[in-house]
Amino acid sequence: METLHNALLKWYEEFGRKGLPFRNLKGINAPYEVYISEVMSQQTQINTVVERFYSPFLEAFPTLKDLANAQLEEVLLLWRGLGYYSRAKNLKRSAEICVKEHNSQLPNDYQSLLKLPGIGAYTANAILCFGFREKSACVDANIKRVLLRLFGLDPNIHAKDLQIKANDFLNLNESFNHNQALIDLGALICSPKPKCAICPFNPYCLGKNHLERHTLK
């Protein structure tokens, strides 16, 4: 695993999208800011989120408590253009729950995060890793594509089994950069039309010669 970890981090250092505004956040508000970025990115391209929505939303609602106290109409107005308004409604409801039950902060444990409206396994792990700097393995669509190909996995693998694989593969010494690197690798290199020739995992990839067998249809 160490060889794979080193290859991934070396690639990320040179080519990763480290300049995104919600990477390397610090302080008590980091989990909230990560939460907003993750929910916005669920159905929207990352460049659109960065260019048009992320900063204005946080300027209007800089903390979880501000979001909880806002009128829903205010939240939906700033969400206009992102679509899928249920995401904004879930954010507002989650903020209200956190104010009442978690001292106006997001909880820092997996099961409590899953109880909040609209938060699934990936978002919970992303908040824990990127916001709280916990050693949590994230599995979004990009990371799933990388893992399926790298380890030659059946694309119909159960989500729990894939999460176990991600946990086993996690670089415990560099969990933050490891997860960010896998996201970027899946987005930029191991995409639906992969650039295998320039992939840092190319020498080790079990699925590169049979991509159709290890890619989700």
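**Notes on the model**

1. Asn 103 is exposed, at a relative accessible area of 68%; here exposed means over 50%, buried under 20% and partly exposed in between, with a 1.4 Å probe and protein chains only. Asn 103 sits in the loop between helix H6 (86-101) and helix H7 (110-114). Helices are DSSP runs of H or I of at least four residues, numbered from the N terminus. The phi angle of Asn 103 is near 55°, a positive value in a residue other than glycine.

2. Ser 104 belongs to the loop between H6 and H7. Its phi is near 65°, again a positive value in a residue other than glycine. Ser 104 counts as buried because its relative accessibility is 18%.

3. On the basis of the values: this is a predicted model, where local features need pLDDT of at least 70 and side-chain atom pairs count only at pLDDT 80 or more, while totals for chains, interfaces and linings use all residues. Residues are numbered from 1 along each chain as its sequence is written, and side-chain values use heavy atoms, with hydrogens and water left out.

4. The domain assignment gives domain 1 (1-18 + 137-213) and domain 2 (29-132); such bounds come from an automatic or database domain assignment. The C-alpha centres of domain 1 and domain 2 are 26 Å apart. Eleven residues of domain 1 are in contact with six residues of domain 2, contact meaning heavy atoms within 4.5 Å.

5. The largest pocket has a volume of about 560 Å³. Of the 23 residues lining the largest pocket, Ser 41, Ile 46, Asp 140, Asn 142 and Ile 183 are the closest to its centre. On a 1 Å grid over the protein atoms alone, a pocket is an open set of points with protein on both sides within 12 Å along at least five of seven lines, a cavity is a set where a 1.4 Å probe fits but cannot get out, and lining residues have an atom within 4 Å of a point. Points are joined across faces, edges and corners, and a volume is the space filled by probe spheres set on them.

6. Which elements give two or more residues to the lining of the largest pocket? They are helix H2 (30-40), helix H3 (46-60), helix H8 (121-131), helix H9 (141-150) and helix H11 (175-188). Each of domain 1 and domain 2 contributes at least three residues to the lining of the largest pocket. By class, the lining of the largest pocket has nine nonpolar, ten polar and four charged residues. Ala, Val, Leu, Ile, Met, Phe, Trp, Tyr, Cys and Pro count as nonpolar, Asp, Glu, Lys and Arg as charged, and the others, Gly among them, as polar.

7. Ser 41 is in the loop between H2 and H3. With a relative accessible area of 23%, Ser 41 is partly exposed. Not counting residues up to four places away in sequence, Ser 41 touches Ile 46, Val 49 and Arg 87.

8. The second largest pocket holds about 260 Å³ of space. Both domain 1 and domain 2 give residues to the lining of the second largest pocket, so it lies between them. Helix H10 (159-169) is one of the elements that supply at least two residues of this lining, and H10 provides its largest share, four residues. The lining of the second largest pocket includes Tyr 110, Asp 140 and Lys 144. Its classes are eight nonpolar, one polar and three charged.

9. How many cavities of 30 Å³ or more does a search of the whole structure find? The search finds one. The largest cavity has about 110 Å³ of space. Of its 13 lining residues, Arg 149, Cys 190, Cys 196, Cys 199 and Cys 205 are the closest to the centre. H9 gives the largest share of the lining of the largest cavity, three residues.

10. In the largest nonpolar core, Ile 36, Met 40, Phe 57, Leu 67, Phe 130 and Phe 201 touch the most other members, out of 67 residues. Such a core is a set of buried Ala, Val, Leu, Ile, Met, Phe, Trp, Tyr and Cys residues joined through side-chain atoms within 4.5 Å. Leaving aside neighbours within four places in sequence, the contacts of Phe 57 include Tyr 32, Val 75, Trp 79 and Leu 91.
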